[in-house]
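These are my notebook entries on a structure that I had not looked at before.

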Amino acid sequence: MLFGISNLGYQLYPTMAKQRFLVFITFALAIGIFLSVYINRKDQVDFSTEVKPILNNNCISCHGGVKKNGEFSVLFEDEAFAPTKSGFPAIIPGDPKNSPLIQRLHETDPELRMPYGRAALTETEIKTLHKWIKQGAKWGKHWAYYPVQKPEVPLANLKAGNGTKNEKNYLGVDYFIQQKLEKNELGFSEQEEPLKLLRRVSMDITGLPPSENLKKQWESGALSYEALVDQLLDSPAYGEKWASWWLDLARYADTKGYERDVSRTMWPYRDWVIKAFNQDMAFDQFTVEQLAGDLLPNPSESQLIATAFHRNTMNNDEGGTEDEEFRVAAVLDRVGTTFEVWQSTTMACVQCHSHPYDPFKHEEFFQAAAFFNNTRDEDTHDEEPKLRFYEPEQKVQINTIKDWVAKNGSTNEVRKINDFLAFQEPKYQAHLAEDFVNGELIDTKWLGLWHNGSCYIKNVDTQGSDQLLLHYWADLDGTELTIRNGNPNGEILSQFTINKTEGRLTQSIPFKKVTGNINLYITAENPKARKQQATSTIEWLAFVNTLPGENQDGYLEIQNQFQALLNSKPLSLPIMIENPPYMRRETHVFERGNWLLNGEEVQANTPESLNTWNPDWPQNRLGLAYWLTDPENPLTSRTAVNRIWDQLFGRGLVNSIEDMGTQSDPPSHPELLDYLSWQLMHEFDWSVKKLIKAIVLSDTYKQKSQISPSLYQKDPDNKWYARGPRIRLSGEQIRDQALAVAGLLSPKMYGPAVMPFQPEGIWQSVYNGEKWTLSEGEDQYRRAIYTFLKRTSPYPSMMTFDAGSREVCISKRIVTNTPLQALVTLNDPVYMEAALFLGKKMKKMAKNDPSNAIAFGYEQCILIPITPTKKQSLLDLYEIALSNYKNDPEALEELISKDEKDRSPEFGAYVLVANALMNLDEFLTKP
């Protein structure tokens with residue numbers, strides 16, 4: 001009966017049943033299509049992660065940017081699918097069986113089988129290439145060349161991994177770390193002990209141990225961990241610590257480098273970096289100002305100082321060198337440094353040929369060089385252009401002159417006068433002189449004409465100026481200089497007499513107005529000159545109109561002030577200034593990288609493989625800076641995040657810090673790298689402080705650094721971050737820490753470099769006679785960032801602890817462990833003096849019990865209470881030292897100078913123990 005009713009129902013409602021059946025069929029088909037697409041998509045070979053590594057590891061050395069054996073290359077897409085020497089392409093999309101690339105992998109003849117002369121590919125690798133070609137051989141980019149995308153960070157109930165049953169919602173940094181820990185059958189270590197964590201975060205953020213007051217607040221619970229981090233980030237010491245990192249990248253030094261390696265004034269740039277970090281200048285602004293601060297509208301003095309980043313290039317003062325050669329060397333260095341610092345790209349490889357592994361073509365290197373080729377610096381002895389830092393009263397005079405020009409002239413004239421007083425550009429350097437008769441370039445630097453001498457300075461645009469500014473010095477009176485237009489018979493443009501000077505002088509000389517590019521023919525006459533004696537030594541000449549308002553009252557006073565400012569010698573800093581249009585340089589491809597072999601001319605441009613150029617950007621260094629900091633640039637934020645992560649953990653998320661190219665180490669946590677990179681740009685507004693805070697607040701950072709045998713076996717390099725970062729401190733941190741715990745460290749900031757104690761004979765400067773002069777007073781005890789750095793002879797104790805000479809950009813210091821380092825901390829007078837002052841504190845705290853002194857000294861150095869075992873070992877050392885000094889007064893005299901009032905054996909023993917404390921691995925290592 002029921003069956004009958006049901007059947008009757010079907011007969012009564014056939015349309016409804018059919019509709020339900022069709023819906024079911026449609027739904028089933030949709031599910032089938034979805035599953036088919038999903039499975040196919042899941043089975044799709046990814047070029048970047050699966051194919052590219054095989055090609056890079058096995059093929060590209062013979063078929064890449066340098067070698068293209070068989071006229072086949074797997075570096076660029078168009079080359080990979082182009083016909084080879086055989087006339088046919090090696091890769092036929094969709095047809096692996098007929099693709100020569102696959103065929104040659106299966107050959108048995110060693111002369112035909114690829115890769116040639118190397119081990120055959122594995123079956124898995126061949127199958128991957130076969131499947132890739134069958135699926136259409138879709139080309140792709142290396143992972144690092146895709147724009148940063150915001151990864152999803154879902155709430156995840158994941159076990160804390162510390163052996164407890166508690167569960168925790170991991171977010172942000174910890175979420176991505178936990179994912180990889182689980183995958184590798186690892187978990188988080190428990191949180192580090194509070195005092196060790198305090199020392200770790202203090203050393204990481206400020207480069208110094210925490211103050212006694214900060215320690216008390218932390219121990220009492222008055223400070224939360226986040227408040228502690230905020231207080232450290234607000235400390236002036238933060239800027240000093242992180243500036244030291246950046247100065248490695250900027251190749252900052254206090255000397256020029258090369259043979260003579262004479263001193264240069266660069267410290268205002270170092271101070272700018274410290275201030276920028278302390279002000280938490282946004283990293284995009286930090287980038288723009290260093291690369292192109294001079295090209296910003298109405299640049300401030302601070303923005304001009306920032307451009308010294310690229311004036312840290314070396315400058316060759318050696319006699320007989322070609323200035324243009326070393327100017328070009330500086331330009332090429334700027335290209336390589338810019339791409340290494342902001343793009344983690346080995347662009348320097350592209351100077352001589354297309355990149356062997358990465359998609360950067362030979363001509364693209366010189367297109368990038370065109371951005372830097374149009375700056376005013378020319379490897380001159382005086383390193384011009386230089387920003388001049390006038391005294392307050394001189395600044396008042398400058399404002400008076402500008403007001404005068406504004407009143408009697410135009411806005412453009414005000415700008416030109418202001419610029420010339422600020423950095424004395426544009427001008428023509430004397431080394432441009434050529435075609436000498438009875439004359440020479442003195443030391444290949446300065447123009448020196450003998451009696452009846454002549455030369456040419458060609459292709460000069462005087463901009464219609466009625467005044468010549470000549471910078472020179474002379475040992476003779478009565479030299480008549482004549483400047484003609486074009487040739488010996490040309491129109492006289494200026495004729496004047498040069499007399500003996502006391503030092504260098506800038507003289508204003510009337511000049512006939514001319515327009516367009518001309519050749520200056522210069523002659524000198526002075527019968528008093530001896531044979532081949534220079535009648536004068538000319539360094540540069542410039543064309544600047546006379547000040548307007550000549551007929552106004554007060555003009556003479558204004559003119560005299562202007563002349564006095566030109567001849568003043570204020571502190572000055574090498575900076576970047578762009579050529580005016582009439583001085584623009586052409587940029588050519590150098591054939592095989594040789595600056596003497598000019599190929600085709602190129603214009604400024606950026607590599608095609610990275611983000612596109614916005615036509616609204618200016619085609620100069622400012623536009624380049626905008627391109628680098630554009631959110632679509634795939635490398636700038638990743639590079640910044642990776643470098644900062646490396647500073648905190650001792651290894652980067654991409655361990656090859658200087659390279660994110662196709663031959664780099666793969667990222668250990670790609671999603672985390674992109675998550676922090678996205679945050680840096682879009683949520684932190686490029687704030688480095690916010691980025692550092694986000695990392696150090698993570699559970700990942702706060703873990704214990706202790707390692708077990710099983711954990712070491714699973715993760716020896718701490719690649720998966722199952723423990724905290726325990727790494728050796730930098731040379732600067734070790735020295736600063738020793739001075740800090742001894743109570744000697746000076747808080748004084750900024751200013752010229754200082755010269756603390758250094759052994760005799762370290763400096764043996766050729767041709768310049770410079771000496772290491774020991775600084776006085778507190779300058780001996782300033783932070784290491786202020787120590788004078790001579791490139792050919794860096795401060796020895798910091799070099800022993802792996803600091804560099806900064807002749808080139810240093811992306812990552814190589815950390816070593818050598819006996820020489822122990823010799824430094826045990827014997828260097830800086831550390832001995834620190835031990836002496838710590839010994840004084842220890843004796844004062846002893847109260848007739850050495851164990852009290854040792855416990856105090858240990859806690860001063862390491863921050864945590866001493867264990868009984870360590871205390872006993874140090875007590876034994878104290879007793880041995882005490883006995884030795886009682887029995888050997890001469891040894892005590894060697895340890896403690898005659899200036900000290902206390903020269904007792906007890907004090908000597910405390911000094912020795914303090915010295916040992918400063919040589920402990922715990923002291924030299926971040927907990």
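I began with the terms for secondary structure: helices (H or I, at least four residues) and strands (E, at least two) are DSSP runs, numbered from the N terminus. I noted that this is a predicted model, in which local features need pLDDT of at least 70 and side-chain atom pairs count only at pLDDT 80 or more, while totals for chains, interfaces and linings use all residues. Residues are numbered from 1 along each chain as its sequence is written, and side-chain values use heavy atoms, with hydrogens and water left out.

**Entry 1: the whole chain**

I looked up the secondary structure and found 34 helices and 15 strands in the chain. Its C-alpha atoms fill a box of roughly 135 × 90 × 65 Å along the principal axes. For burial I used relative accessible area (buried under 20%, exposed over 50%, partly exposed in between, with a 1.4 Å probe and protein chains only), and by this rule 54% of the 927 residues are buried. Taking contact to mean heavy atoms within 4.5 Å, I read that, among contacts between residues at least 6 apart in sequence, 70% join residues at least 24 apart.

**Entry 2: the cores**

Which residues have the most contacts inside the largest nonpolar core? A nonpolar core is a set of buried Ala, Val, Leu, Ile, Met, Phe, Trp, Tyr and Cys residues joined through side-chain atoms within 4.5 Å. The largest one has 179 residues, and Trp246, Tyr269, Phe277 and Trp645 have the most contacts inside it. Helix H29 (residues 829–846) gives this core its largest share, 9 residues. I also noted a second, separate core of 28 residues, which includes Ala433, Val460, Leu481 and Ile518. As background, nonpolar side chains tend to be buried together in soluble globular proteins.

I then followed Phe277, leaving out residues up to four places away in sequence, and its contacts include Tyr238, Trp242, Trp246, Phe286 and Val688.

**Entry 3: two helix pairs**

For each pair I looked up an angle and a distance, where axes are lines fitted to C-alpha atoms, for helices over the stretch in contact, and angles run from 0 to 180 degrees between N-to-C directions. Angles under 35 degrees count as roughly parallel, over 145 as roughly antiparallel, 65 to 115 as roughly perpendicular and the rest as oblique.

Helix H8 (residues 194–206) packs against helix H9 (residues 212–220) at about 140 degrees, with the axes 11 Å apart, and H8 and H9 are therefore oblique to each other. In this pair, Pro194, Leu195 and Leu198 of H8 meet Lys215, Trp218 and Glu219 of H9. I sorted the residues by class (Ala, Val, Leu, Ile, Met, Phe, Trp, Tyr, Cys and Pro as nonpolar, Asp, Glu, Lys and Arg as charged, and the others, Gly among them, as polar), which gave 4 nonpolar, no polar and 2 charged for the contact of H8 with H9.

Helix H17 (residues 392–408) packs against H18 at about 155 degrees, with the axes 9 Å apart, which makes H17 roughly antiparallel to H18. Ile398, Ile401, Lys402, Val405 and Ala406 in H17 meet Glu413, Val414, Ile417, Asn418 and Leu421 in H18, and this contact has 7 nonpolar, 1 polar and 2 charged residues.

**Entry 4: backbone details and a loop**

Most residues other than glycine have a negative phi, and most peptide bonds are trans. Against that background I noted a cis peptide bond between Glu384 and Pro385, with omega about 5 degrees, and another between Glu425 and Pro426, with omega about 0 degrees. Pro385 is in the loop between helix H16 (362–372) and strand E3 (386–389), whereas Pro426 is in the loop between helix H18 (411–423) and strand E4 (428–429).

Is Asp802 buried or exposed? Asp802 has a positive phi of about 80 degrees, is placed in the loop between helix H27 (796–800) and helix H28 (819–827), and counts as buried at 14% relative accessibility. Lys812 lies in the loop between H27 and H28 as well, and counts as partly exposed at 33%. Lys812 and Gly650 are 162 residues apart in sequence, yet 9.7 Å apart in space, C-alpha to C-alpha.
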